[in-house]
Amino acid sequence: MTENQGLGYHPGITEDVGPGDIPSGTEDRFIGVEVRRDVFATARDGVRLCADVYLPEGAGSVPAILTRHPYGKNTVFMGMRETGEFWARKGYAFVCQDVRGRFGSEGVFDAPLGRHEIDDTFDSIEWIANQDWSSGGVGMWGESYYGFTSYCGAISGHRALSAIAPGDPAPFNMHDIIYRQGAFSLNAMGSWALAMDAQGYNLLDGLDYRTLPLTAIPERMGQPGKVFKQWVTQPSADDACWRYADLSDCYDKVAVPTLLWGGWYDNIQGPWLADWRRVIAESPAPEHKHLLIGPWDHEGTSNFTGTVGPLAVGSQAVHRWDATQAFFDHYLMGLDNGFERRSPVEIFVMGDNAWRFEAGWPPARAVDTAFYLQGDGGLGTALAGDEAPDSFFYDPANPVTDTLDSDIWAAIAGLADRRAIEQRDDVLIYSSAVLDDDIEITGLITAELHAASSAVDTDFTVTLVDVFEDGYAHLIQHGIVRTSAIEPGRVQAYSIDLWSTSHVIKRGHRIRVEVSSSRFNEFDRNLNSGEPQGTGANPVPATQTVHHSTDHPSHITLPLVPR
C-alpha cells in the first residue's frame, strides 16, 4: 500500500472529474477561479479548522459545496484543487477543509470517524453561511471519510445545509468496515490505521502482512500503531472502543435531499448500502433520496481502465459527475432541471453494461432463489439428497492469497481469472450446468453453509463466480464468516453475507460457487487456535467439512430479476 490509498484517497487527479472540465496550470488564480488558501473556521471548543476556498471570480454571493477529510486539502493525489476549480466554474464556492488534527487543522486526530465530526461539521457550515461570498446555502460532497462527514452534516441539522452527496461513505458504525462478520479487514482498514497514525502520513515501509502476532506489525515497522492495535484486538461490536464511532442512532436525522453514489466492487459496499436502507426507512423525508451504483471500486479504477475483469464497461466517471452536478443544481442552486422527478435508484447492470432506473432498492420484482451445493461439484435449484460431504484441509500457514499483492481499495485492478485459485486443494467448487438463457442477479446475495471443522475457531468463505464460455472465472461477489468457540466436528449452519450486485450471467456461461477458509490478505488469517484476536501466533491446520444433503442443505440465495 502506498500513501494514497484508503477511505477516500485518490491516485493522482480525482477519477470523478469529467474530460475537458479541468484546466492545467499551477497558479493559485485560474481563469474564472479565485483561490483563498489556509482560511480558518473556529470550532466551538476553540480548535481552528483549516480550509482552502475556491470561488467563481466576480460572482458575488454563491452557494457553497463543503468537503471535510483527513488527507490534506491540497495534497496533489487528492485532486481537491481540480475539484475546486470544477465547482467554481459551475458557479459554486468549494470549501475543502482538513478535519481536526490533520495537516493544517489544530487539535488531535485520535478518534477517526467519531461523533465529534457532527459538531465540527455544524460549526464549519455555520462559518460558511456567514461569509461575504456565501449566499447562505450549503451542500456537502465527498467519498468515504468525507462521505461520512457529509452524513454528519445532515445529522447536525444545520439550517443552511440543503443537500448532501456522499460517495462510498464510511458507515454509521465504524466497526462494520473493520470487521466483516468477525474477520479483520487487514489489507484495507489495517493499512489505513497504520498510515493515518500521524499528523500527516506514515509510510508503510517494512509492512509484512504475515507477521504474527498482528499486534507486532507496528513495532516491526518502527511505528507506535496505537489505533491499529486497538482495532485488531477488539473484534466485538460491543467493545467500548466502538461506541464513540457508532452513529446508528442517527438515521432519522438525515432529512436533507441526499444522493448516495458508489460501486458494486467497493470494498465497503455492504455497510453503506445497509445504512441506506435504514436511512430510507427512518428518514422524515425519504422522497428526496437518490441512489446511484456503478461499475466501480472505492478508487474508481474502471474509470481509468474501462474494464471490470473481462467486462468492457467503458469509463463512467462523466455519468457520475453529471448526476452529481444535476443533483446540486436542483437542490442547492435551485434550478428546475427535473432531478426530483427521476426514479430514485439508478444502477449499472454488469454484463448488460448499461444504466437502468429502478423504483427502489433492492428491486421488489427480484425473486430470491436458492441454488444448492450438490454432489460431484454440482450447483442447482434442486435440493440435494443424502449425499456425502466434501472436505478440504485448511492450513493458516498456506492461505489463499488472491489479494496479497493487491490494493483492496482498488479491487477491480486485482480482478483476474480465478481458475488458478480453483485448482488449490483447499478450495471447493460447485458449478451449474451451462445456462440456456441469461440470468440477472440484482439485489442482496446470501449463503447458508452447513459445515464442520476440526478446529475450535475457523473461517469459511463463499465466492460467487461467473464462468465464461472459454472457462474464464470472474468474481462477482464474496463473503466470509468467522466462527467462535465452536465444537470440533459438529455441523453448524453459517449465514454469510455476500453483499449486493447487479450482474447478468449470459447464456452459455455457468454459475459457480467457491468455498474455502481464507482470503488473505483482504482479511487476516484465522489461526484456528482459539487464541485472542490479534495476539495469536500459533497456526493450527484444520480439516473442514462442507455438507450438502436433505438435513444440511448448503446453498446460495440469488435475487433473480425476470428478463
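Tutor: Buried means under 20% relative accessible area, exposed means over 50%, and partly exposed lies in between, with a 1.4 Å probe and protein chains only. This is a predicted model, in which local features need pLDDT of at least 70 and side-chain atom pairs count only at pLDDT 80 or more, while totals for chains, interfaces and linings use all residues. Residues are numbered from 1 along each chain as its sequence is written, and side-chain values use heavy atoms, with hydrogens and water left out.

Student: Which residues is His116 in contact with, neighbours within four places in sequence left aside?

Tutor: Contact means heavy atoms within 4.5 Å, and on that basis His116 is in contact with Arg100, Ala111 and Tyr244. His116 and Arg100 are 16 residues apart in sequence, with their C-alpha atoms 9.4 Å apart in space.

Student: What makes the span of helix 8 agree with its number of residues?

Tutor: The expected span of a helix is 1.5 Å times one less than its number of residues. The 14 residues of helix 8 (residues 269-282) should therefore span 20 Å, and its end C-alpha atoms are 20 Å apart, which agrees. Among the buried residues of helix 8 are Trp272, Leu273 and Trp276, and its buried residues pack against several elements, including helix 3 (145-156) and strand 22 (473-482).

Student: How do you know that strand 21 and strand 22 pair?

Tutor: Two strands pair if DSSP finds at least two bridges between them; strand 21 (residues 459-467) and strand 22 have 9 bridges, in the antiparallel sense. Val465 has Leu475 in strand 22 as its bridge partner. Strand 22 is mostly covered, with 10 of its 10 residues buried.

Student: What makes the phi values of Leu113 and Ala485 worth noting?

Tutor: Most residues other than glycine have a negative phi, and most peptide bonds are trans. Leu113, however, has a positive phi near 55°, and Ala485 has a positive phi of about 50°. Leu113 lies in the loop between strand 5 (93-98) and helix 2, and at 0% relative accessibility Leu113 counts as buried. Ala485 is placed in the loop between strand 22 and strand 23, and because its relative accessibility is 70%, Ala485 counts as exposed.

Technical notes: Helix = DSSP H or I, 4+ residues; strand = E, 2+ residues; numbered from the N terminus.
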